[in-house]
Amino acid sequence: MISFLFHAAFPEVAPFIRIEIYGRDGGPDRPRHRIEVDPPDDAAAGRWLALTMPCVACGTLIHPIRQRRPKSSRGRRTARRHLYFAPTCPLSERLPCSRGPAARDEYLIIRRAIEWTTNKTHVPAAVTPVPQAQTLFASGVREP
Ligand SMILES: [Zn+2]
């Protein structure tokens, strides 16, 4: 299936995508992060909520940018623009799509693309970031 990276709207949406790490990574196969979308105004929010693409797992036409339900009526005003990215069928319709390898790969593709271009990943203090690859010298090998 085709990544949202190649969707015609990706260049417009990308600057407003924010990667949220919400738990310790369970290793390379199970990263725990959300892909949040912060539209600049209601017009953009409306446009992006209407976007469609095939589910990366099964190909059914889906809306990849969705709205979070407000937690309470008091939060409704701000929650209106609280959007997120999801590359598969909604959980309530086809659970396996969101739990399979295609979804995992798509999350990583979008996350990497955003990190390369914006470096905006937000890592809460409680979460240990993924360590950088150790260099020759960091691993204790001395220069000859
Ligand atoms: Zn699907």
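Glu20 lies across from Arg34 of strand S2, and Arg18 lies across from Glu36 of S2. Strands S1 and S2 (residues 33-37) are paired in the antiparallel sense over 5 bridges; two strands count as paired if DSSP finds at least two bridges between them. This is a predicted model, in which local features need pLDDT of at least 70 and side-chain atom pairs count only at pLDDT 80 or more, while totals for chains, interfaces and linings use all residues. Residues are numbered from 1 along each chain as its sequence is written.

**Overall organisation**

The protein contains 5 helices and 6 strands, which follow one another from the N terminus as α-β-β-α-β-β-β-α-β-α-α. Helices (H or I, at least four residues) and strands (E, at least two) are DSSP runs, numbered from the N terminus. Among the 144 residues, 19% are buried. A residue is buried if 20 or more other C-beta atoms lie within 10 Å of its own, exposed if 12 or fewer, and partly exposed in between, with C-beta atoms placed from the backbone. Of the contacts with a separation of 6 or more, 54% involve residues 24 or more positions apart; a contact requires C-beta atoms, placed from the backbone, within 7 Å.

**The sheet**

Four strands form an open sheet in the order S1-S2-S6-S5, with antiparallel pairing. Strand S1 (17-21) and strand S5 (65-67) are at the edges with a single partner strand each, so one side of each has no neighbour in the sheet. On average, neighbouring strands of this sheet are turned by 40° against each other, direction ignored; the axes are lines fitted to C-alpha atoms, for helices over the stretch in contact, and angles run from 0 to 180 degrees between N-to-C directions. S2 and S6 run antiparallel and are joined by 2 bridges, and Val37 has Leu83 in S6 as its bridge partner.

In a regular strand the side chains alternate between the two faces of the sheet.

**The nonpolar core**

The largest nonpolar core has 22 residues, of which Ile17, Ile35, Val37, Trp48, Cys55, Phe85 and Ile110 touch the most other members. Such a core is a set of buried Ala, Val, Leu, Ile, Met, Phe, Trp, Tyr and Cys residues joined through C-beta atoms within 7 Å. Two or more residues come from each of S1, S2, helix H2 (42-49), strand S6 (83-85) and H5, with H5 giving the most, 3 residues. Leaving aside residues up to four places away in sequence, Ile35 touches Ile17, Ile19, Tyr84, Phe85, Tyr107, Ile110 and Arg111.

Pro101 is situated in helix H5 (residues 101-118), and Gly46 is situated in helix H2. Pro101 is exposed because 10 other C-beta atoms are within 10 Å; Gly46 is also exposed, with 10 other C-beta atoms within 10 Å. The table gives a C-alpha separation for each.

| Residue pair | Separation in sequence | C-alpha separation |
|---|---|---|
| Pro101 and Ala57 | 44 residues | 8.1 Å |
| Gly46 and Arg81 | 35 residues | 9.3 Å |

Terms used. Two residues are in contact if their C-beta atoms, placed from the backbone, lie within 7 Å.
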